[in-house]
Amino acid sequence: ILRCLVGSEMCIRDSYNMNVNYKQLIFAREYRKLSQTELAAHIPGLSQPNLSKFEKGLGILSDEVLNRIIKFLNFPESFFEIQISNNVENAHYRRKASVTKTQKSAIEYSNKLIGYIIDEMSASLDYPRMTIKFVNVDDGYSPEKIAWFLRRFLGIQEGDPVRDIVTLLEKNGIFVVEIDEDVDVFDGVSFLTDNGYPVIVVNKNFSNDHKRRTIAHELGHIIMHLSKDFIFADDRNKEKEADRFANEFLMPECAIINSLRYLKLSSLVELKRYWLVSMASIVRRAYDLKCIDKDKYTYFNRELGRKGYKKNEPIDVYIDHPSLFITAYRMHCNELEYSNEELANAFHLPQDVIERFCVPAKKYSLRIF
């Protein structure tokens, strides 16, 4: 799925004199989950007011203090001389009061780093071409119509579930990356990297049906909301549009509606097993398609809650695993013969960032003794 464009040697940029981009300092500090006050407390000669001025581009810091900051944050000096944008517009955090600004900022910068790594690896690899077209809802196409067309484009039969959702997207040029985050904080995000590669990042710790729903939702955002050629009205409800897209993409009306008429609680497990979505999503789909009334919808949700299914539904549905991002990393290691340290140096990143996002978690085997 990928091929090398260069030989085994990758060009590592020359070192520059210290010229710290204050935006990159904010990036590194917030990725490390440090407030200005917390960072200043660890750096001799640095006060929070002076750091605040520097991060607003209104003040200067001595090279000595900057060196201390860089060493403490454990980012290479060259990181502070570049600029990483990767504007992330569609991040979805859990709607809980306990989600702090520090948590959100750290996840936002994690997503930006993933996008940056994808861009950096593209200098050596030929990624699958993005074949899925952007579509403007304002041109008269409903989210449901767009989802229906995409299913046909991807070769999904009318009555079939979207089985290998990750593989389908990766073959068509969309990166899917899983990160390890608290389920009480983060669901997923979609964005275009600075070089224009579409990326979906999802929280690996959710159930498979939840991840499938998140991926479909973010796919809707990519298709309908990420094109730089579209201008959107300020009152546009992008979240509702992405939800409508995901519903039709995962559970097309023409194929599922007969199963939702006269819906019974006892049929939810089998419907989940077939469509690979949560029981709660099936109940909501039945309500949206007017197959059940509000009283029946309330009853189903009350019963799901009483059985504990709002937190943990029975059976875990199938989902395929992302591979494009990890394959790109492994090709750098195996075919271009880069160690993690060398890759970090080439990309101007700390080695721990490479290892966190690129190195698959170890699988431990057990034996009897």
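Predicted model: local features only at pLDDT ≥ 70, side-chain atom pairs only at ≥ 80, totals over all residues.
View 1. Five bridges hold β4 (residues 175–179) and β6 (residues 198–203) together, and the two run parallel; strands count as paired if DSSP finds at least two bridges between them. Helices (H or I, at least four residues) and strands (E, at least two) are DSSP runs, numbered from the N terminus. Four of the five β4 residues are buried, so the strand is largely enclosed by the rest of the structure. Buried here means under 20% relative accessible area (1.4 Å probe, protein chains only).

View 2. Rings of Phe, Tyr and Trp (its six-membered ring) pair if their centres lie within 6.5 Å; planes under 30 degrees apart are stacked, over 60 edge-to-face, the rest tilted. That rule gives twelve aromatic pairs. Phe27 sits in helix α1 (residues 22–31) and Tyr109 in helix α5 (residues 101–121), so the pair ties together parts 82 residues apart in sequence. Phe27 is buried at 2% relative accessible area, and Tyr109 is buried at 13%.

**View 3. Tyr127 and Phe175 pair up edge-to-face.** Their ring centres are 4.8 Å apart and the planes are at 80°. Both Tyr127 and Phe175 are buried.

**About the model.** Residues are numbered from 1 along each chain as its sequence is written, and side-chain values use heavy atoms, leaving out hydrogens and water. Local features need pLDDT of at least 70 and side-chain atom pairs count only at pLDDT 80 or more, while totals for chains, interfaces and linings use all residues.

Conventions. Buried < 20%, exposed > 50% of the residue type's maximum accessible area, 1.4 Å probe, protein only.
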